[in-house]
Amino acid sequence: MTNANQLTIAAARDALRKREISAVDLTMACLTAIDAGDRLNAFVHKTPEIALDQARAADERLKGDAPDLCGIPLGIKDLFCTKGVPSQAASRILQGFKPEYESTVTSKLFGAGAVMLGKLNMDEFAMGSSNETSVYGPAVNPWKVDDRLLTPGGSSGGSAAAVAADLCLGATGTDTGGSIRQPAAFTGITGIKPTYGRVSRWGVVAFASSLDQAGPMTKSVRDAAIFLAAMSGHDSKDSTSADIAVPDFEAALTGDIRGKKIGIPREYRMEGMPAEIDALWAQGIAMLKDAGAEIVDISLPHTKYALPAYYVIAPAEASSNLARYDGVRYGHRASLAAGDGITDMYEKTRAEGFGPEVQRRIMVGTYVLSAGFYDAYYNRARKVRALIKRDFEEVFAAGVDAILTPATPSSAFGLGEMASADPVEMYLNDVFTVTVNLAGLPGVTVPVGLDAKGLPLGLQLIGRPWDEAGLLNHAYVLEQAAGFVAKPAKWW
């Protein structure tokens with residue numbers, strides 16, 4: 001089968017079972033594409049030997065009954081600990097770290113017969129919206145419309161680029177404030193952040209523990225449903241993991257949303273919103289209405305406080321989580337001069353090991369948690385978060401089934417274009433996504449159209465807690481109506 005790396009997960013699953021292709025051949029097609037795609041800088045630790053061993057085992061397993069992901073080649077974000085394979089979170093401070101254990105998510109995927117092609121680029125410790133804070137250098141968006149290299153978004157930029165460029169059939173991502181949904185929108189793919197607690201965080205390097213959630217990044221909504229089912233489930237090793245049954249997400253894709261209520265939040269009509277984003281949103285509303293849904297205007301009054309609250313809570317949790325990286329037990333340790341003590345070692349190691357954005361967030365987080373400012377900043381942000389969560393609860397209690405919003409305030413921008421800007425300009429990329437993390441809700445981004453330059457634009461659907469099945473069905477309807485089939489022209 002030619003161009004097997006271009007298959008969706010669903011199509012590859014069927015082809016593997018019909019013996020139209022072997023898992024080894026499918027894996028080889030992806031490994032060849034990865035080697036040819038080095039200019040995208042998506043894969044930062046390639047694991048071809050592991051991939052081919054797993055593919056051979058999958059072919060044996062496929063002779064009988066096998067799970068949906070058996071034989072499917074995937075990319076793993078560098079935030080997931082993978083036994084014996086570098087797991088750096090794209091940071092110098094974890095250079096040389098090879099875990100002696102497997103994250104729960106990758107354990108589940110490998111247990112289902114999935115194939116790991118390698119580890120994917122990302123923003124350092126998942127802090128960023130453009131993949132430019134990575135120690136490996138930025139991942140590059142496979143979409144190209146002029147002489148610029150474009151960002152694939154962040155922090156799951158390598159995952160997004162790899163899926164969009166057909167280097168793998170799907171990839172894991174993580175989402176703390178939009179890090180699955182924003183890069184998915186920038187690269188014309190599907191990405192879902194599940195309800196907080198749906199997917200185990202054990203073995204995933206922590207950024208902000210009350211916000212982080214892992215999810216799949218795929219070429220279609222059906223693929224997202226298949227992938228998410230394999231990742232989900234209760235894990236006793238994660239105290240925040242919910243002991244809730246995992247439904248058959250793929251079976252929920254009926255394409256019928258007649259009578260469902262879709263909320264349109266008035267607060268998301270931001271001042272200065274580009275006309276193209278507004279037009280795309282109107283187009284999405286019309287598509288869902290044509291499918292039989294009832295469109296209702298809703299209010300989420302505390303939305304305007306979401307970004308400030310997020311950029312207090314997330315750095316606060318990051319400053320606590322990243323305190324463990326000190327050069328004592330693993331990872332990078334600075335060279336010391338004669339007479340240097342342990343405090344010098346801590347200071348030099350952390351100064352060398354963390355990049356500027358991570359240092360900035362650690363300092364902000366430490367500041368807002370300090371004795372004189374704890375109540376003024378951190379406690380106030382927690383109260384705002386509770387109000388944002390209540391806004392959503394009231395809307396869903398009124399009968400709304402899902403909420404439709406833009407995914408990003410623009411299409412992908414050029415690498416380096418925001419490098420000298422105020423950091424807040426970069427943080428504004430999360431304006432439509434952070435509320436979902438603060439409220440712990442599921443959210444999905446679906447590609448819907450192209451902007452005037454020919455770059456993909458996505459829309460976001462936000463669902464009820466634990467209703468990923470219903471959310472994915474709404475996304476499936478939107479996907480079918482939009483009929484987005486554009487792919488980046490191969491220039492790399």
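This is a predicted model: local features need pLDDT of at least 70, side-chain atom pairs count only at pLDDT 80 or more; totals for chains, interfaces and linings use all residues.
I turn now to salt bridges in general. Side chains of opposite charge can pair when their charged atoms come close. The count for this structure comes to 25 salt bridges. One of them joins Arg148 and Glu417, with the closest N and O atoms 2.7 Å apart. Arg148 lies in the loop between strand 3 and helix 5, and Glu417 in the loop between strand 9 and helix 13, so the pair ties together parts that are 269 residues apart in sequence. Arg148 is partly exposed, with a relative accessible area of 23%, and Glu417 is partly exposed at 43%.

What do Arg13, Asp14, Asp68, Arg222 and Glu250 form together? They are linked in a network of salt bridges.

The pair of Arg329 and Asp326 is also a salt bridge, its closest N and O atoms being 3.3 Å apart. Here Arg329 is exposed, at 56% relative accessibility, whereas Asp326 is buried, at 12%.

Next, the aromatic residues. The whole structure contains 14 aromatic pairs. In one of these, the rings of Tyr325 and Tyr330 have centres 6.3 Å apart and planes at 75°, so the arrangement is edge-to-face. Tyr325 is buried, at 7% relative accessibility, while Tyr330 is partly exposed, at 32%. Both tyrosines belong to an aromatic cluster that also includes Phe97, Phe125 and Phe354.

On the surface, Val328, Ile342 and Tyr346 form a nonpolar patch, with about 240 Å² of accessible area together. Of these residues, Ile342 lies in helix 10, which covers residues 342–353.

Finally, the protein as a whole. It has 15 helices and eleven strands. Its radius of gyration is 21 Å, close to the 23 Å that the globule rule gives for 492 residues, so the protein is as compact as a globular protein of that length. Along the principal axes, the C-alpha atoms fill a box of roughly 70 × 55 × 50 Å. Buried residues account for 60% of the 492 residues.

Methods. Residues are numbered from 1 along each chain as its sequence is written. Side-chain values use heavy atoms; hydrogens and water are left out. Patches are made of residues with over 30% relative accessible area and no salt bridge: like charges are joined within 9 Å, nonpolar side chains (Val, Leu, Ile, Met, Phe, Trp, Tyr) within 5 Å. Accessible areas come from the Shrake-Rupley method with a 1.4 Å probe; for residues, only the protein chains shown count as cover. A salt bridge is a side-chain nitrogen of Lys or Arg within 4 Å of a carboxyl oxygen of Asp or Glu. Helices (H or I, at least four residues) and strands (E, at least two) are DSSP runs, numbered from the N terminus. Rings of Phe, Tyr and Trp (its six-membered ring) pair if their centres lie within 6.5 Å; planes under 30 degrees apart count as stacked, over 60 as edge-to-face and the rest as tilted. Buried means under 20% relative accessible area, exposed over 50%, partly exposed in between (1.4 Å probe, protein chains only). The radius of gyration is taken over C-alpha atoms; the globule rule is 2.2 Å times the number of residues to the power 0.38.
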